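Dear colleague,

Please find below the structure that I am handing over to you. I would be grateful if you could look through it alongside the notes that come after it.

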Amino acid sequence: MRQIFEHSKSFWVRYSDYAIVEDSNGIKYLKAAEDAKPDKYDPTDSLEEIVVKALNVGRVCMGIDRPEKEKNEAVHQFVKEFGLLGLMTALPTTPRFLSCDNVFLPKNQFIKRESMEVFEYLLYFYPFERPSIRKNGVEYSIEIEGDDDMVALAMMSDGRPDEVHLTFQREYSERIDWLRQQFVDWAFTMTTVFFYYHDYDHMSEKDREFYKQSMAAYDGITPSYHIELMDDRPMLVWNLNSLLQGIQLMVCKMLTDDSNPVKMCPGCGKAFIAKTPTELFCSPSCKTSE
């Protein structure tokens, strides 16, 4: 499963702490805490851990009887560990939207409109303080006000769109209910795979077809990449325009991996990495209690 990531690198930004902030309409967001420090890390170094934790956060968020506070805290803890998902650049048809008059959106579970003006779109992710952007047709400029960390993150020249660097800014925010829904979607994919094969012999053909159609609706967003010439070897560099993009690819690869697939334990329901293709339980205690 790690083959395509074995000699590769990428980076994402997470802050040392995140705060849950509520706007005037009562909508809760996650954003970097006021004094939090940004940190660059390579998500491809810990992709199995990220996927397993994302799937288990989704399981918590799927729980009908789970309190809202528990669901929000599960999302909060994931974001503190790995950063926000980068929804702003993951949702549009292209992450490079600042040079356009409008942002165009394919069908998604968050924003129903197919297009909107750029500054209107930015308000979804900068509800508390909008970035200083001047536009004149396809020309635009970004003025960053803040500490040296903020300026450095905005001025990075790594081949990715300026819009990606805006998602690293301290004022960038993502709605908790949107984050929860995204984690639920990933967990739903895992549970669909589990129940399809676990109950296959007892399902009608109609039920099997339903599971197949549910899986076919899963959208795969493949990140772009380029080759960078390093000192000792060429390196595959993933141009992750959002962490969501990377997790999406990782979920697909790990669910279909022949040797060490990600599975759902029938004992406790948690996601785990199977050491062998035949391993069914995440621990001996789950196997005993089954």
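This is a predicted model: local features need pLDDT of at least 70, side-chain atom pairs count only at pLDDT 80 or more; totals for chains, interfaces and linings use all residues.

Strand E4

Strand E4 comprises residues 28–32. Four of its five residues are buried, and the strand is thus described as mostly covered. E4 pairs with strand E3 (residues 18–22) in an antiparallel arrangement, through five bridges. Within that pairing, Ile 20 has Leu 30 of E4 as its bridge partner. E3 and E4 form a hairpin with five residues between the strands. In this hairpin, Gly 26 adopts a positive phi near 85°.

E4 is also joined to strand E10 (residues 173–175), again antiparallel, by three bridges. Here Leu 30 stands opposite Glu 174 of E10.

Asn 72

Which helix holds Asn 72? The residue belongs to helix H2, which spans residues 68–82. Asn 72 has a relative accessible area of 10%, and because this is under 20%, the residue counts as buried. Its side chain makes a polar contact with the side chain of Arg 180, at 3.0 Å. Beyond its neighbours within four places in sequence, Asn 72 is in contact with Lys 28, Ile 176 and Arg 180. Of these, Lys 28 falls within the residue range of E4.

With kind regards

Note on methods. Residues are numbered from 1 along each chain as its sequence is written. Side-chain values use heavy atoms; hydrogens and water are left out. Buried means under 20% relative accessible area, exposed over 50%, partly exposed in between (1.4 Å probe, protein chains only). Helices (H or I, at least four residues) and strands (E, at least two) are DSSP runs, numbered from the N terminus. Two strands pair if DSSP finds at least two bridges between them. A polar contact is a pair of N or O atoms within 3.5 Å; within protein, one must be able to donate a hydrogen and the other to accept it, and residues adjacent in sequence count only if both atoms are side-chain atoms. Contact means heavy atoms within 4.5 Å.
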